[in-house]
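Please read the following note with the sequence and the model open beside it. It is written for a colleague who is new to reading protein structures.

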Amino acid sequence: RFDGHLRFGTAGLRAEVGAGPLRMNRLVVRQAAAGLADWLMNNVDDAAQKGVVIGYDARRKSELFALDTALVLAGRGVRSMVFSEVVPTPVLAWSITRLGAASGVMVTASHNPPADNGYKVYLETGSQIVSPVDEQIAEAIVAVDPLSIGLAEPTSGLVAMLDREIRNEYLESTRSTKFEKEPDTLTNRCIKHMRRIRGVQLKRE
């Protein structure tokens, strides 16, 4: 677990939670956030102002990793918008374009074993990163000294918490989606899955 480091790719980072550069932990997450911030500032117009939307699932340390990401981004001058509770990945992706953000981060390991966690990055289009952007962000992450990363205060004006309004807007948008023909059973299952995460169902409030 100490011989090398996690390689950032199109799926972001994903590994068992634990100590060392080959595991998911706060130091690895902070380095990834710092590298992402540096890449955004150099490649996306008005990235600092547009900011990054951050979501997380119910896995171990997901919320902590999300908050660390926000504080690292703010420490580098980039605004962040953090969901105040667990959200499914589609909500995070949809929110990027809804809020006009420069990027999005979802702390999740999807279908990986329970001991794992992960870190997915999305473009300002709401889509997951693709080549060559993944290589560029990976290079920016490696260039960061993980022991010299500054953190903003939790009370920083660059860190905003998102309430359920955005989540409710997402639910309304899925209800208003029109199909050319009646969805089949598989499609219906996919729609239901978009509203769930590890046994938690989203409900409009």
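This is a predicted model: local features need pLDDT of at least 70, side-chain atom pairs count only at pLDDT 80 or more; totals for chains, interfaces and linings use all residues.

1. Six strands make up an open sheet, arranged in the order 1-5-4-2-3-6, and their pairing is mixed. Strand 1 (13-16) and strand 6 (159-162) are at the edges; each has a single partner strand, so one side of each has no neighbour in the sheet. On average, neighbouring strands of this sheet are turned by 15° against each other, direction ignored. As background, strands of a sheet pair through backbone hydrogen bonds, in either a parallel or an antiparallel manner.

2. Strand 2 and strand 3 run parallel and are joined by three bridges.

3. Helix 4. Which residues of helix 4 (residues 89-99) are buried? They are V91, L92, A93, S95 and I96. An α-helix has 3.6 residues a turn, so residues three or four places apart point the same way. After helix 4 comes G100, which has a positive phi, near 65°.

4. Residue N25. This residue is located in the loop between strand 1 and helix 1 (26-43). Is N25 buried or exposed? N25 has a relative accessible area of 14%, and it therefore counts as buried, the cut-off being under 20%. The side chain of N25 comes to 3.3 Å from the backbone oxygen of R23. When residues up to four places away in sequence are not counted, N25 touches G18, A19, G20 and F65.

5. The second largest pocket. The space in this pocket amounts to about 250 Å³. Its lining consists of 16 residues, and those nearest the centre of the pocket are H5, L6, P21, V28 and Q31. Which helix gives the most to the lining of the second largest pocket? That helix is helix 1, with four residues. Both helix 1 and helix 5 (133-142) supply at least two residues of the lining.

Notes
Residues are numbered from 1 along each chain as its sequence is written. Side-chain values use heavy atoms; hydrogens and water are left out. Buried means under 20% relative accessible area, exposed over 50%, partly exposed in between (1.4 Å probe, protein chains only). Two strands pair if DSSP finds at least two bridges between them. Axes are lines fitted to C-alpha atoms, for helices over the stretch in contact, and angles run from 0 to 180 degrees between N-to-C directions. A polar contact is a pair of N or O atoms within 3.5 Å; within protein, one must be able to donate a hydrogen and the other to accept it, and residues adjacent in sequence count only if both atoms are side-chain atoms. Contact means heavy atoms within 4.5 Å. On a 1 Å grid over the protein atoms alone, a cavity is a set of points where a 1.4 Å probe fits but cannot get out, and a pocket is an open set with protein on both sides within 12 Å along at least five of seven lines; lining residues have an atom within 4 Å of a point. Grid points are joined across faces, edges and corners, and a volume is the space filled by probe spheres set on the points.
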